[in-house]
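Open your viewer and get ready to click along with me. We will go from stop to stop, selecting a few residues each time and looking at what is there.

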Amino acid sequence: MSGHSHRTPDGFAAQAREALGDRTLTQAMRRVTDLFAERRAAALETVPDWQELRQQARAIKLHTLARLDHYLAQFAGAAAKNGAIVHWAEDAAAACRIVGELAQVHRATRLVKSKSMATEEIHLNAALAAAGTEPVETDLGEWIIQLAGEMPSHIIVPAIHKTRQQISELFVDKLGVAPSDEPTVLAAEARERLRQHFAEADMGISGVNFGVAETGTILVLENEGNARMTTTLPKVHVAVMGIEKVIPRFADLEVFLRLLPRSGTGQHLTSYQSLLTGPDVGVPGRAGQGPRELHLVLLDNGRANIAVDETMRETLACIRCGACLNACPVYQSVGGHAYGAVYPGPIGAILTPQLQGMHQAAALPFASSLCGACKDVCPVQIDIPSLLLELRKRAVEGEAPGAAPAKRAAFEALTWKLWAWFVRSPGRYRFAAAMARLGDKLPLVKRLLPPMRAWASSRALPRLAKRPFRAGHKDGGS
Amino acid sequence: MPAPRPSRDVALFATCLGDQLFPGVVEATVTVLERAGCAVRFDPRQTCCGQPAFNSGYWREARQVARHFLDVFERADAVVAPSGSCVAMLHRFPQLFADEPDVAARAAALAHKTFELSSFLVRELGVTDLGARFDARVGWHDACHGLRELGVRDEPRTLLAAVQGLELVELRTRESCCGFGGTFSVKLPEVSTAMLDHKLDEVMEAPIDVLAAIDGSCLMQLHGRLERRGARVRTMHLAEVLASR
């Protein structure tokens, strides 16, 4: 299933239908999300103070987000003192321009990159490809997606939608290797190719999981060692970091390191944690242990606006673990591509409309049954259902006072107006119910009303009771 | 046997769905509450809590209906509804009336004394055995809003455990959403049905006669698909099970 470029956030309904028609995809999604949920549950059992940890993490994040300018300034200052070069990118275009110029200045043509959602968000690969220097993705999943010319469908498991069989076919097609659906054979093939890219690379690009304000340190978490090599082998390392990734103290990492791997992959700790505090500045005894230059690109791209919106601010507390995706029955059913955006699932449904604007993503807050499973598993207790509801209201009523509603079908608005007029008065409510009973006797009515038709497409229609409960309770007693 | 002295005055919130679609569930709720020693009153001015409009983004319309709900119920000692979802909506009123602190405060006070049936019986009254008898194997569906917004998990099980002849069967997908989600079920019917089928695939294989829950809306969704798939499993509201003798 390719031809994904036409997908948009507002195309969710059609894209979800398309996904549901793909049995291989739906079965793979169910299997893998179940597996991750089980692993997460098992990993939690080793942490008796899980709920307190979540509260601590939430408190740290909300504290920081309320003083984001302060902590960002502290972080940038500390990083600069360590010898890193800090760049501020207001939006995606600025960030791509900065990275592109760095590649130019260093005459870097062979770029490697480790997994990063921020660079996906700004479509960095496409921008660099236009300049002839597309980086090679070195995370196995990301590399598979890059070979296939697709978008990731999960925050931490980008190729979650692909089966072993499909990956084998892709390798045969793109790399000319012998067919095999043995994971170790496929991984060995990937390792062989990627090692070559590492050896030749003259610039490495990574994301950032956490940026520590007091020390200017960045932390990159991963399992394959590819991020370690991306950030240490090439002579130039460029790290793209969303401004919400900053946390105040080094000691705060302890809280997040206990929460993130367990929530994401069900691991107690990721295989690699790279703490990077400045470039190799030739300190005797430590020379040669890293890149000669470290650039930090601090990315806003709509985040500052979310940070000043007190109702929505907690969206930025997300640490990108992906637990809400694995727990979400909608995501489990349709996968990530249906969301038509870089960030899928529950977190994507609240983040995308805020980053891209409600005018092109108003469908996403409605792509949820509001079951609340996302909130239950979120390691920083983001109240996703409440934020979905707030965004639904904004989609209907307009984002700012006086602004035109982003998504309001006139007929739908009229329907709800009428509904409220009938239901807020007992007399009119009784009248409407009586009329509905007449309608219930006419099968044609049911076939014509779109909601009824949608319901009946897969489910038997409920019948109104012959007499409502209230008919037997006119006296007010029971 | 003389009736026990009323221990609580209860204002019954039938819910619009219960009133219009499932009066039998509401009757059973009254029966159960009276057996638990409550004096139950039904105020016929009641209509709906406003949730359908609220969840659809039409908060202005939701506020109009929620205001009416406040007017009808705020003088009650305790409000009880055979639904977790509608009661959870009461807890959303402060969010709905965020711009009107006085109404939000009234709403918060009302939410504090509004209860879902099983939690009212077990937590408020301390009643666990209603003398019910129901010979069947029952699978339980943990309705989302009751489970995650009100913390209703043990209460229905405690009540079911006391029902003679009833065998409770715990399903692997007991906490999986049925896919109803209000207008979600008709706006994204294919997704809603995929979620529903995931659950029913287990339900239809499970050794159960009845699938039960605390919410009529979930049961409407579950029943509609079970019927379409030609399953023999029946759906019942908890109140109906507890009222059986």
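A residue is called buried when its relative accessible area is under 20%, exposed when that value is over 50%, and partly exposed in between. Keep in mind as we go that this is a predicted model.

**Stop 1: the end of a chain A helix**

Select A:Ala432, which sits in helix H21 of chain A, residues 426-440. Is A:Ala432 buried, exposed or partly exposed? Its relative accessibility is 27%, so A:Ala432 counts as partly exposed.

**Stop 2: a threonine in helix H2**

Next, go to A:Thr26 in helix H2 of chain A, which covers residues 23-44. A:Thr26 has a relative accessible area of 16%, so it is buried. What does A:Thr26 touch, if we skip residues up to four places away in sequence? Show A:Ala19, A:Leu20, A:Gln332 and A:Ser333 to see these partners.

**Stop 3: a buried arginine without a salt bridge**

Move to A:Arg262, in helix H12 of chain A (residues 252-264). This arginine is buried, yet it has no salt bridge. Which side chain of opposite charge is nearest to A:Arg262? That is A:Asp49, 8.2 Å away. For a salt bridge, a side-chain nitrogen of Lys or Arg has to be within 4 Å of a carboxyl oxygen of Asp or Glu.

Look instead at A:Ala43: its backbone oxygen lies 3.5 Å from a polar atom of the A:Arg262 side chain. Beyond its neighbours within four places in sequence, A:Arg262 is in contact with several residues, including A:Arg40, A:Leu44, A:Trp50 and A:His268.

**Stop 4: salt bridges within chain A**

How many salt bridges does a search of the whole structure find? The count over all chains is 37. Start with A:Arg394 and A:Asp309, whose side chains meet in a salt bridge at 2.7 Å, N to O. This pair links distant parts of the chain, 85 residues apart: A:Arg394 is in helix H19, while A:Asp309 is in the loop between helix H13 (303-307) and helix H14 (323-327) of chain A. Both A:Arg394 and A:Asp309 are buried.

Then select A:Glu121, A:Glu244, A:Arg303 and A:Arg320 together. A network of salt bridges links these four residues.

**Stop 5: salt bridges between the chains**

Colour the chains separately and select B:Arg148 with A:Asp376. Their side chains meet in a salt bridge of 3.4 Å, N to O. The pair crosses between chains, from helix H9 (residues 144-149) of chain B to helix H18 of chain A. B:Arg148 is buried, with a relative accessible area of 19%, whereas A:Asp376 counts as partly exposed at 40%.

Now try B:Lys187 and A:Glu412, another salt bridge, with the closest N and O atoms 2.6 Å apart. This pair also crosses between chains, joining helix H11 (residues 184-187) of chain B to helix H20 (residues 410-423) of chain A. Here B:Lys187 is partly exposed at 39%, and A:Glu412 counts as buried at 19%.

**Stop 6: the largest cavity**

A search of the whole structure finds six cavities of 30 Å³ or more. The largest has a volume of about 130 Å³. Which of its 18 lining residues are closest to the centre? Select A:Cys328, A:Pro346, A:Ser368, A:Cys374 and A:Leu388. Helices H15, H16, H18 and H19 of chain A each give two or more residues to the lining, and H16 gives the most, with three.

**Stop 7: two positive phi angles**

Most residues other than glycine have a negative phi. Select A:Asn301, in the loop between strand S10 (293-299) and H13 of chain A. A:Asn301 is not a glycine, yet its phi is positive, about 50 degrees. A:Asn301 is also buried, with a relative accessible area of 17%. A:Gln381, in the loop between H18 and H19 of chain A, also has a positive phi, near 55 degrees.

**Stop 8: a helix in chain B**

Finish at helix H10 of chain B, residues 154-161, where the buried residues are B:Glu155, B:Pro156, B:Arg157, B:Leu159 and B:Leu160. What do they pack against? Show helix H8 (117-124), strand S5 (133-140), strand S6 (164-169) and helix H14 (238-243) of chain B.

How values were computed
Residues numbered from 1 in each chain as written. Chains lettered and ligands numbered in written order. Predicted model: local features only at pLDDT ≥ 70, side-chain atom pairs only at ≥ 80, totals over all residues. Heavy atoms only, no water. Helix = DSSP H or I, 4+ residues; strand = E, 2+ residues; numbered from the N terminus. Buried < 20%, exposed > 50% of the residue type's maximum accessible area, 1.4 Å probe, protein only. Lys, Arg positive; Asp, Glu negative; His and termini not counted. Polar contact = N/O pair within 3.5 Å; in protein donor to acceptor, adjacent residues only side chain to side chain. Contact = heavy atoms within 4.5 Å. 1 Å grid on protein atoms, 1.4 Å probe; cavity = no way out; pocket = protein on both sides within 12 Å on 5 of 7 lines; lining within 4 Å. Points joined across faces, edges and corners; volume = space filled by probe spheres on them.
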